[in-house]
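Subject: Structure handover

Hello,

Here is the structure I said I would pass on. Please look through it first; my notes on what was found follow below.

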Amino acid sequence: MDEERMREVFQFTARSLETSHPVPFGALIVNTRTGKRLMRGTNAVLRESDPSSHAETRTVRIACKKLKRPSLAGYTMYSTCEPCPMCMANALWARLDRVVFGATIADANQFCIQIHIPAKEVARRSDMPCRVDGPILRDLCKTLFTHPNMQKAFRTWSTRKDAGSALTLNAPARQLRGARRNRNKDKSFKP
């Protein structure tokens, strides 16, 4: 069952690789007992200009709205990549029974920056029970990161592995940097 569901979320996520916004991160939530799909989603950080729009968090959010309740007890989430601490904490708060992942945080970190706290560690340190299993079909899920269209997209991401701090500056930060430069020229200038 786990491999079948992981293939499903892999195929769903892989469809994004042929769009203008490819992403390697996808999530699927199913009923733990029956396996019936409740919701699936992909990362939308760039599309939504929201750093919290990770695939897992978005899928939990949409699933809870569909059920009209904040609890996903009785459900399991499959993710193409190990959930980051934010996403794993969200899964815990949503009371998911299980989280199953494909690629690992270390795999993702080859291409984009990560917070290096394993999902199992976040779950272990929580008061909320949630079983974390993975990696499942790791090599398959890693191909989402190495696909040529994804590699091209990574070059534009400010969170890519080699981006450095200069590329993450947004317009207000650049303006502030310019203001500091002007302040050095004109001692009466106050930003």
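The search of the whole structure for aromatic pairs gives five of them. Please keep in mind that this is a predicted model. One of the pairs is F111 with F145, which is stacked, with 5.8 Å from centre to centre and 20 degrees between the planes. F111 sits in the loop between helix 5 (105–108) and helix 6 (119–124), while F145 belongs to helix 7 (residues 138–146), so this pair ties together parts that lie 34 residues apart in sequence. F111 and F145 are both buried. F145 also pairs with F154: the ring centres are 6.3 Å apart and the planes are at 10 degrees, so this pair is stacked too. Like F145, F154 is buried. Taken together, F25, F111, F145, F154 and W157 make up one aromatic cluster.

Now the overall layout. The protein has 191 residues, and 46% of them count as buried. Its secondary structure consists of nine helices and five strands. In sequence order they follow the pattern α-β-β-α-α-β-α-β-α-α-β-α-α-α. Among the contacts with a separation of 6 or more, 61% are between residues 24 or more positions apart.

Six of the six residues in strand 1 (residues 26–31) are buried, so the strand is largely enclosed by the rest of the structure. The cover is on both faces: G26, L28 and V30 are buried on one side, and A27, I29 and N31 are buried on the other.

Strand 1 is joined to two other strands. With strand 2 (residues 37–42) it runs antiparallel, and five bridges join the two. A27 has G41 as its bridge partner in strand 2. These two strands form a hairpin with five residues between them, and G35 in the turn has a positive phi of about 80 degrees. Strand 1 also runs antiparallel to strand 3, again with five bridges joining them. Here the bridge partner of A27 is S79. A27 therefore has a bridge partner in strand 2, namely G41, and another in strand 3, namely S79.

Next, the cysteines. How many disulfides does a search of the whole structure find? It finds zero.

A few points on the backbone remain. Which two residues does a cis peptide bond join? They are G134 and P135, and omega is about 5 degrees. P135 is in the loop between strand 5 (131–133) and helix 7.

K68 has a phi of about 60 degrees, and R95 has one of about 65 degrees. K68 is placed in the loop between helix 3 (55–67) and strand 3 (75–81). R95 is found in the loop between helix 4 (85–93) and strand 4 (98–103). Are these residues buried or exposed? K68 is exposed, with a relative accessible area of 74%, whereas R95 counts as partly exposed, at 39% relative accessibility.

Then go to the aromatic cluster of F25, F111, F145, F154 and W157, and finish with the cis peptide bond between G134 and P135.

Regards

Note on methods. Residues are numbered from 1 along each chain as its sequence is written. This is a predicted model: local features need pLDDT of at least 70, side-chain atom pairs count only at pLDDT 80 or more; totals for chains, interfaces and linings use all residues. Side-chain values use heavy atoms; hydrogens and water are left out. A disulfide is a pair of cysteine sulfur atoms within 2.5 Å. Helices (H or I, at least four residues) and strands (E, at least two) are DSSP runs, numbered from the N terminus. Buried means under 20% relative accessible area, exposed over 50%, partly exposed in between (1.4 Å probe, protein chains only). Contact means heavy atoms within 4.5 Å. Rings of Phe, Tyr and Trp (its six-membered ring) pair if their centres lie within 6.5 Å; planes under 30 degrees apart count as stacked, over 60 as edge-to-face and the rest as tilted. Two strands pair if DSSP finds at least two bridges between them.
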